[in-house]
Structures are given as C-alpha cells and as structure tokens.
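Please look at the model shown here with its sequence. The paragraphs that follow go through its charged side-chain pairs and then through a helix contact.

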Amino acid sequence: MIPVPATIDADVESWARDRAEPLRSVHGLDEQRTSVIVAALVVAHRLAARGRGQFFLLFDPLSKLVAPFHVVISEGELAPTAQRNFLLPTAPRPPELRLTSETAFGVGCSSTLLTTRPGTAEIRWLFVATGMTLAATLAPVATVATMSMGITAEDLLGALSVEGGRLGRSAVFEPEAPIAETRDAQEEWAL
C-alpha cells in the first residue's frame, strides 16, 4: 500500500518511480509491470491533488496488480437516500452487501459490484457514525484481485483511529435493511 499525497515537492513521475522501486525489488517485477505501477501512481496523484480525502495505491503481490483506494471522512451523517445510492449503484448485477468488522467508526457496510468494464469490480465501504461519515472506494480493481485487495483495504480501515476513541453508529444508518433487500439477488451471483 502506497499513500498518495495531494502535493509533491518533486517531479511527480520521479516521485512515483521512487515509490514503485521497493515493490519492484521485493517482488521481482519486470520493467513493464513497474511502469504500470508508476503510471497508476501518477494518475492517483492527479486525483488526490484535485479531490478531497486520502488516496492510496494498493498492490496485490500474488497477481501483481494495483488498484486505487480513496477514503473520505466528513463531518455530518450521510442521509439514508444517499447511503442507499452509494451502497447500491447501478451495476450489471446487484451489488453484494455485507456488514464489516468493527472499526473506530463502528460497524459499516461494504458493497462489491461488477463494473461495465469487463474483468473489473468495485468495492465501496460506508460507515455512518454519530456526527461523521466515512466513505471509501476501491476501484477499479481486477476481479481476480478483489478479495486480496479488499482484505488489505479493510485492514487499513480497521487501523484508523479517531481522537476520543470509538464512535457510535448513527441512528440514521441501518445497513441491515439494504442487505436484507438484496439477499435473494446476492445468492444468484458471486464474484
């Protein structure tokens, strides 16, 4: 996992090559795969520079694939309609929803969905705590790396801390409801 800052004091491509070098040497990556990682870091930096939140580039050592991971923490509680739209976007097949493990933001909901681009998926996480919302997206991710990169992303979310300790789940956040609604559709497909 490589954190991608919004501002870089050096040439972005040089910075990206410096960050990709440890992956290349540790995992024996060839120049083509290293170049893909460098290009992904440059794109992730562009996104980080114009957006809000924190970007990371996740690397899966088994498949040697990368995927951008974006985490946004905001004040306020995301409204139920916006929660539903985030967790249940339009997709070729119904998203697979599940409750997450306990984090500093409480229990959240993850949504895994296929994208219209063949061979790719997206994973979204939503935590709505009293007074705060955490939304995260791992996309695009190759379907073959969905599970391993999803686990890495959830490890990162589980490691986040909040000043003052754990937050309580918001009264407006009921992830069990869309999970129950989509349960039948989820049994018809799997990644």
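A salt bridge, as the term is used here, is a side-chain nitrogen of Lys or Arg within 4 Å of a carboxyl oxygen of Asp or Glu. The model is a predicted one. In it, Glu 176 meets this criterion with Arg 169, the closest N and O atoms being 3.1 Å apart. Glu 176 has a relative accessibility of 37% and therefore counts as partly exposed. Arg 169, at 36%, is likewise placed in the partly exposed class.

Searching the whole structure gives 6 salt bridges. Side chains of opposite charge can pair when their charged atoms come close. One of the pairs found joins Arg 98 to Glu 154, with 2.3 Å between the closest N and O atoms. This pair connects distant parts of the chain, since Arg 98 lies in strand β4 (residues 96-99) and Glu 154 in helix α4 (residues 146-159), 56 residues apart. Arg 98 is partly exposed because its relative accessibility is 36%. For Glu 154 the value is 21%, so this residue also counts as partly exposed.

Another salt bridge is formed by Arg 24 and Glu 21, whose closest N and O atoms are 2.5 Å apart. Both residues belong to helix α1 and are 3 residues apart, so about one helical turn separates them. Arg 24 has 30% relative accessibility and is therefore partly exposed, and Glu 21, with a relative accessible area of 33%, is partly exposed as well.

How do the two helices cross? The axes of α1 (residues 12-27) and α2 (residues 31-50) come within 8 Å, and the crossing angle is roughly 135 degrees. Angles over 145 degrees would count as roughly antiparallel and those from 65 to 115 as roughly perpendicular; α1 and α2 are therefore oblique to each other. Their crossing is right-handed.

Terms used: Residues are numbered from 1 along each chain as its sequence is written. This is a predicted model: local features need pLDDT of at least 70, side-chain atom pairs count only at pLDDT 80 or more; totals for chains, interfaces and linings use all residues. Side-chain values use heavy atoms; hydrogens and water are left out. Axes are lines fitted to C-alpha atoms, for helices over the stretch in contact, and angles run from 0 to 180 degrees between N-to-C directions. Helices (H or I, at least four residues) and strands (E, at least two) are DSSP runs, numbered from the N terminus. Angles under 35 degrees count as roughly parallel, over 145 as roughly antiparallel, 65 to 115 as roughly perpendicular and the rest as oblique. A crossing is left-handed if the near helix is turned anticlockwise from the far one by less than a right angle, and right-handed if clockwise. Buried means under 20% relative accessible area, exposed over 50%, partly exposed in between (1.4 Å probe, protein chains only).
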